[in-house]
Amino acid sequence: MFKGSLPALVTPFTPEGELDLAALKKLVEWHIAEGSHGLVPVGTTGESPTLSHDEHRTVVEEVVRLAAGRIPVIAGAGSNSTREGIGLIQHAQAAGADAALVVTPYYNKPTQPGLIAHYTALHDASALPIIIYNIPGRSVIDMTPETMGELAKLPRIIGVKDATGKLERVSQQRITCGTDFIQLSGNDDTALGFNAHGGVGCISVTANVAPRLCSEFQQAMMAGDFAKALEYQDKLMPLHVAIFLEPGVAGAKYAMSKLGLCSDRVRLPLVGLTEATKVAIDAALKHAGLI
């Protein structure tokens, strides 16, 4: 159910910085039409740290309503407070999401036993499947393959969004978690290698901008055609790089604004892009054939 190209959906804002629900509706319909295999609202690419709880809940509810079962919705439900995370995952379940994406707690720096306790508490608090989000560069804690293997014994801990950048983790986690454990890349630039090691897709930032290309890229790998996938990789790589020259959501939103999809507005402490980065993204959009 959870495989292929899964955009880490941006949260569109009006030029004044408020939720733009009309743009959100347009984005959901566009992603479905372009072949995205699922949607992941209110992760960090959805600027969840700067959304109020009411806004967070509204976005989840709207994306679930608009998707209407046509593609799965994995709702962001991460927090560095276990109690807050329980509230978010319970809301995601009530809203009708298909799964929850739960990031390792940031700033607190829990031990590996602390990670097990955190995820077990969220697991036991709802009936939703949970995908672990392991991103040490942001959370400053790395869940080891051994810890993930312990959590994978729980029936509703079903997979990982792996943004460690360590391709060997896929093979290590196949050993500790089993070959049915769903491994999704959290890095667009290494998604090709990730799937070659045993991954089944990507929760993608670039897919906000190029959903059809990212979907076809993943479909080629699902069909075992890695030569075709490499052609897509060559087309998309400049975009993967340019979007992340500054914070990825700012890069993605700027590119989306160039395509007429939504405003490039982000919330402080994020700011708009420098001109040099805009030039790089423009060139990457042209390289991918998007403009």
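Leaving aside its neighbours within four places in sequence, which residues is valine 63 in contact with? In this predicted model, the partners are Leu9, Leu24, Val28, Leu39, Pro41 and Val73.

Start with the core around that residue. Val63 belongs to the largest nonpolar core, which has 40 residues. Together with Tyr119 and Ile132, Val63 is among those with the most contacts inside this core. Several elements give two or more residues to the core: helices H1 (21-34), H2 (53-67), H3 (82-95), H4 (112-125) and H6 (145-151), and strands S3 (99-103), S4 (130-134) and S5 (157-162). H2 gives the most, with six residues. In soluble globular proteins, nonpolar side chains tend to be buried together.

Now turn to strand S7 (residues 201-204). Gly201 and Ile203 point one way, while Cys202 and Ser204 point the other way. All of them are buried. In a regular strand the side chains alternate between the two faces of the sheet.

S7 has parallel partners. Strand S1 (residues 4-7) runs parallel to S7, joined by four bridges. Glycine 4 has glycine 201 as its bridge partner in S7. Strand S6 (residues 182-185) also pairs with S7 in the parallel sense, over two bridges. Here leucine 184 has glycine 201 as its bridge partner. Between S6 and S7 the chain passes through helix H8 (residues 191-196), and this β-α-β crossover is right-handed.

Next, the rings. The count of aromatic pairs comes to zero. Two rings do have a charged residue over the face. Lysine 161 lies over tyrosine 133, at 4.0 Å from the ring centre. Arginine 267 lies over phenylalanine 13, at 4.4 Å from the ring centre.

Last, the backbone. Most residues other than glycine have a negative phi, and most peptide bonds are trans. Valine 42 has a positive phi of about 50°. This residue lies in the loop between H1 and H2. Tyrosine 107 also has a positive phi, near 70°, and is found in the loop between S3 and H4. Are these two residues buried or exposed? Valine 42 is buried, with a relative accessible area of 2%. Tyrosine 107 is exposed, with a relative accessible area of 72%.

One peptide bond also stands out here. The bond from leucine 268 to proline 269 is cis, with omega near 15°. Proline 269 is found in the loop between helix H11 (248-258) and helix H12 (275-287).

Conventions:
Residues numbered from 1 in each chain as written. Predicted model: local features only at pLDDT ≥ 70, side-chain atom pairs only at ≥ 80, totals over all residues. Heavy atoms only, no water. Core = buried A, V, L, I, M, F, W, Y, C linked by side-chain atoms within 4.5 Å. Buried < 20%, exposed > 50% of the residue type's maximum accessible area, 1.4 Å probe, protein only. Contact = heavy atoms within 4.5 Å. Phe/Tyr/Trp six-rings, centres within 6.5 Å; stacked < 30°, edge-to-face > 60°. Lys NZ or Arg CZ within 6 Å of the ring centre and 35° of its normal. Pairing = 2+ DSSP bridges. Right-handed = clockwise from strand over helix to strand, strands pointing away.
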